[in-house]
Amino acid sequence: MTEAQAASEPITSFLTRTRPMLIGGEWVEAASGKTFDVFNPATGEVIAKVAEGDKEDIDRAVAAAKRAFANKAWRGLTPAARARLIWRLGDLIEQNADEFAELETLDNGKPVGLAKMIDVMGAAECFRYYAGWPTKIEGKTVPLSIPGLESHVYTRREPIGVVGQIIPWNFPLMMAVWKLAPALAAGCTCVLKPAEQTPLTALRLGELVEEAGFPAGVVNIVPGYGETAGAALAAHPDVAKIAFTGSTEVGKLIARAATGNLKKVSLELGGKSPTIVLSDADMKQAVPGAANAIFFNSGQVCVAGSRLYVEKNAFDAVVEGVANVAENIRVGPGLDPKTQMGPMVSAEQQDRVCSMIESGLEEGAEVVTGGQRIGNEGYFVQPTIMVNTTPDMRVVREEIFGPVVTAMPVDDLSEIAAIANDTPYGLAASIWTTNLSNAHKLAAQIDAGLVWINAHGLIDNAMPFGGFKQSGWGRELGKEGLEMYTELKTVCAIL
């Protein structure tokens with residue numbers, strides 16, 4: 001552990017005053033006057049106060065978004081003009097990259113270098129990717145086969161309307177942009193609710209939305225708690241679509257809340273992703289790849305490779321190699337440039353991860369390395385590998401969302417797909433082998449929305465992202481992510 005580094009002067013200034021919410025182009029306090037505290041997970045100390053939105057604030061924000069959607073200042077923009085605004089927003093993020101990275105680190109705990117490289121620059125590039133789409137949203141002509149009729153039939157993709165977007169705390173800025181960018185490219189207006197643990201970069205992004213020149217009300221940002229602001233947004237009758245990233249349990253609540261007006265729903269939910277290492281894999285790639293699959297972002301990743309399956313004759317060597325990586329990870333405050341892994345996002349998450357480790361031990365699993373909290377300040381947990389686990393254990397069945405991997409040997413290669421699929425989730429998987437024929441055959445058998453071969457966690461804005469089974473509905477990123485924010489209309493004219 002190292003001592004936390006001090007925040008820079010611009011960030012200190014940003015955090016000094018209570019942060020208001022963005023509604024209808026104005027920064028306003030919560031209607032109730034309430035605020036909530038934001039904590040630095042490296043120290044447990046309060047670093048900011050933020051306006052606490054609830055149902056009344058959501059109502060105000062949705063009304064502002066509804067007005068903006070009908071206003072020619074937004075709807076009347078040409079596709080090229082909309083594209084320029086979105087590109088401008090990406091440029092502004094890059095120009096303020098150091099500030100965003102520091103805010104993200106103070107808020108979430110992740111290493112500042114990774115925050116800048118992955119979260120901030122990834123957010124800028126996502127806006128730029130979707131800036132290319134407004135001029136390419138097209139329909140098609142449809143020939144009819146009805147005798148005796150002359151017709152002209154065509155389809156249109158139109159913006160769905162006001163969308164509600166609820167984002168998680170593990171990649172706060174990036175997840176906000178993954179939802180805002182395609183929605184804005186499609187021509188929608190947005191009400192964004194950041195996670196209560198990590199609202200700061202979303203609020204800073206709201207300032208850049210104004211600086212970029214978006215009309216008032218196109219983007220509204222309302223921080224608050226899930227059970228109040230989030231629930232009100234999911235159930236609001238004037239919201240045409242809700243997009244949510246978070247736990248499967250909350251996703252089910254949102255799906256039920258959306259039935260009031262049958263709003264469209266997209267859900268990116270939990271995972272219990274397998275990392276599969278075959279004995280013919282290039283171990284110089286596979287071992288650090290398997291370690292990074294679970295320890296990146298402190299394991300707080302929906303696609304984390306939290307179940308490690310290794311062909312039996314390579315099992316001991318792979319576990320030893322991953323354990324060596326784990327034991328040499330420098331854990332500490334994210335603002336320390338030497339830190340490789342930061343804390344859990346909150347005391348609640350730290351408690352959950354540690355209780356899951358304890359449950360594994362009670363059920364007969366063994367810890368190879370790690371398994372403990374670190375220190376008395378902040379929310380740190382050691383990178384942990386558990387063996388002697390069985391498929392019925394909680395640590396194998398449930399999403400832990402921390403730096404904990406269960407490693408299990410596999411005797412029969414023909415059983416790997418069935419073992420990997422033995423989960424209610426189906427978000428991601430990775431296969432490590434030099435036999436690409438076997439890799440592609442196995443990829444076809446795995447029930448997951450993303451399967452990597454000799455990689456894990458690789459994401460590109462052009463790649464559709466989403467899961468099978470209880471890992472969610474719909475896709476983000478790529479063309480598919482854009483189309484989730486559109487309605488398809490067919491126009492049939494008889495000539």
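The largest cavity is lined by 14 residues, and Gly271, Ala304, Ser306, Glu399 and Phe401 are the ones nearest its centre. Its volume is about 70 Å³, and its lining divides into seven nonpolar, five polar and two charged residues. This is a predicted model, in which local features need pLDDT of at least 70 and side-chain atom pairs count only at pLDDT 80 or more, while totals for chains, interfaces and linings use all residues. Residues are numbered from 1 along each chain as its sequence is written, and side-chain values use heavy atoms, with hydrogens and water left out.

On a 1 Å grid over the protein atoms alone, a cavity is a set of points where a 1.4 Å probe fits but cannot get out; a pocket is an open set with protein on both sides within 12 Å along at least five of seven lines, and lining residues have an atom within 4 Å of a point. The structure holds four cavities of 30 Å³ or more.

Next, the second largest pocket, at about 560 Å³. Of its 22 lining residues, Ile118, Met174, Phe296, Gly457 and Ile459 lie nearest the centre. Helices α6 (112-131), α7 and α11 (283-295) are the elements giving two or more residues to that lining. By class, 14 of the lining residues are nonpolar, six polar and two charged.

Now the packing. A nonpolar core here is a set of buried Ala, Val, Leu, Ile, Met, Phe, Trp, Tyr and Cys residues joined through side-chain atoms within 4.5 Å, where buried means under 20% relative accessible area with a 1.4 Å probe, protein chains only. The largest such core has 107 residues, and Ile93, Phe127, Leu184 and Phe214 touch the most other members. Its largest share, 12 residues, comes from helix α7 (residues 172-186). Beyond four places in sequence, Phe214 is in contact (heavy atoms within 4.5 Å) with Trp74, Leu85, Ile86, Leu89, Leu184 and Val209. A separate core has 28 residues, including Val381, Ile416, Ala429 and Leu442.

Helix α9 (residues 226-235) has Ala229, Gly230, Ala232, Leu233 and Ala234 as its buried residues. They pack against α2 (55-70), β6 (162-166), β7 (189-193), β9 (241-245) and α10 (248-257).

Last, the cysteines. Zero disulfides, meaning pairs of cysteine sulfur atoms within 2.5 Å, are present in the structure. Cys190 is buried at 0% relative accessible area, and Cys354 is buried at 14%.

Methods. Buried means under 20% relative accessible area, exposed over 50%, partly exposed in between (1.4 Å probe, protein chains only). Helices (H or I, at least four residues) and strands (E, at least two) are DSSP runs, numbered from the N terminus. Grid points are joined across faces, edges and corners, and a volume is the space filled by probe spheres set on the points. Ala, Val, Leu, Ile, Met, Phe, Trp, Tyr, Cys and Pro count as nonpolar, Asp, Glu, Lys and Arg as charged, and the others, Gly among them, as polar.
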